[in-house]
Structures are given as structure tokens and as C-alpha cells.
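Take a look at the model below. We will walk through its charged pairs, its strands and one surface patch.

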Amino acid sequence: MDTSYRRFTVIVFFILFSTVLASEPDKRPKWVDQVPNNLELLQGIGLADDTGSPESDQKRADVNAITQIINEISTSVSSSLTDFYQEDSQTGQSAKTLEIFTKISSQFAQETISGIKIAGRYCDAKKKVYYAYAVITREELENQFKARADNATRLCQDYHRYAQKALLDGNIFGVLNN
């Protein structure tokens, strides 16, 4: 009798424990429904439908969140470049300048991926949707852009030095290559 009572108690405890777990409220993060208001961050929310492959679905949500931030960066950089383009149009160099800067803005945005972090993930089992919350601080982004701009400046200075030396040496082919 004592063994049956213990089994009964364990089964009842298990059922009660399971019921409590099953009725626990959904721990849906706030960012799923509303991107937090934080001016210090660029943020992206990515979604992916459940296809039956949780790892792949979550990875797609991550990529979608990161892509949202990259698109925001590209738009911001392109807008700044368009302003510069309009100022440069008086020199006659505007078309070439815009082409170069458009390529640079796209490249900068793509390279920024390394600084973007996935800050949260969530799976809504009822809706069968995976979510990802990606962030990068504006300070981190500015530091990355500054480092790239400094590197580009050094590279241009190096090319200019090589071209000047080639010109002084009478090496016209070297001047054209640098």
C-alpha cells in the first residue's frame, strides 16, 4: 500500500507540475510587438515563418533583422551622399562622384554586419513565427565608419604619393596606375 500511495503522489505531483508549466503565461518579449525607443541604437526585428526546421527558421529571422539594420544604414548613408552629390553637381563631377559614393555606402553597410549583434530571439509557437532582435550602437557604427574613412584617407594618400613619385621619375604609366 505504501508504494501505491507514493506512486499516486508522484503522478499527482507530476500532473500538477505539468499543468502549472502549461498554463504559464507566454513570455513574449516586448520588442516583438514594439521596437524599444532607444536613440542610441539602430535596431531591427526579423521574422521567419516556421517551416519545420527550427535552426534554419531562426537563422532566417536573424538574417532578416540584420538586413533591416543594413538597409537603414544604407538609406542614411545614401541620403547624406545625395546631399553631397547636389552640392558637387556644380563642378561637373557629380555623376562620377555619386557612382563612387553609392558603391562605398553599400560596401560600408555590408561590412557593418560584424558589429550587429542578435540581442534576442523568440518563437511564437501559436503563430508559428520566429523572431530575432538585432542591434548595433550608433557609437559603434560611427567608430566603424571613422576607422574606414581613416583607412581610405591613408590609402588615397599612399596612391597620391606613389603617383607623385612616378611623375617626378617621368614614369607616366606609373602615374596613371596610381
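**Salt bridges, strands and a patch**

Lys165 and Asp169 join their side chains in a salt bridge, 2.9 Å from N to O. Asp169 is exposed, because its relative accessibility of 53% lies over the 50% cut-off. Another group is linked through shared partners: Arg28, Asp33 and Asp124 form one network of salt bridges. The structure is a predicted model. Across the whole of this structure, a search finds seven salt bridges. Side chains of opposite charge can pair when their charged atoms come close.

Helix H4 spans residues 138-168. Two further pairs sit here. Lys146 and Asp150 meet through their side chains in a salt bridge of 3.0 Å, N to O. Both residues belong to helix H4 and lie four residues apart, about one turn of the helix. How accessible is Lys146, exposed or buried? Lys146 is exposed, at 51% relative accessible area. Asp150 is partly exposed, at 30%.

The other pair is Arg161 and Asp158, whose side chains form a salt bridge of 2.1 Å, N to O. These two are three residues apart in helix H4, so about one helical turn separates them. Arg161 has 48% relative accessibility and counts as partly exposed. Asp158 is partly exposed too, with a relative accessible area of 26%.

Now turn to the strands. Strand E3 covers residues 129-137. Is E3 enclosed or open to the outside? Eight of its nine residues are buried, so the strand is largely enclosed by the rest of the structure. Strand E1 (residues 41-49) runs antiparallel to E3, and nine bridges join the two. In this pairing, Leu41 stands opposite Thr137 of E3.

Strand E2 (residues 117-124) also pairs with E3. Seven bridges join E2 and E3, again in antiparallel fashion. Ile118 has Ala134 as its bridge partner in E3. E2 and E3 make a hairpin with four residues between the strands. In that hairpin, Lys128 takes a positive phi near 60 degrees.

Notes:
Residues numbered from 1 in each chain as written. Predicted model: local features only at pLDDT ≥ 70, side-chain atom pairs only at ≥ 80, totals over all residues. Heavy atoms only, no water. Buried < 20%, exposed > 50% of the residue type's maximum accessible area, 1.4 Å probe, protein only. Pairing = 2+ DSSP bridges. Salt bridge = Lys/Arg side-chain N within 4 Å of Asp/Glu carboxyl O.
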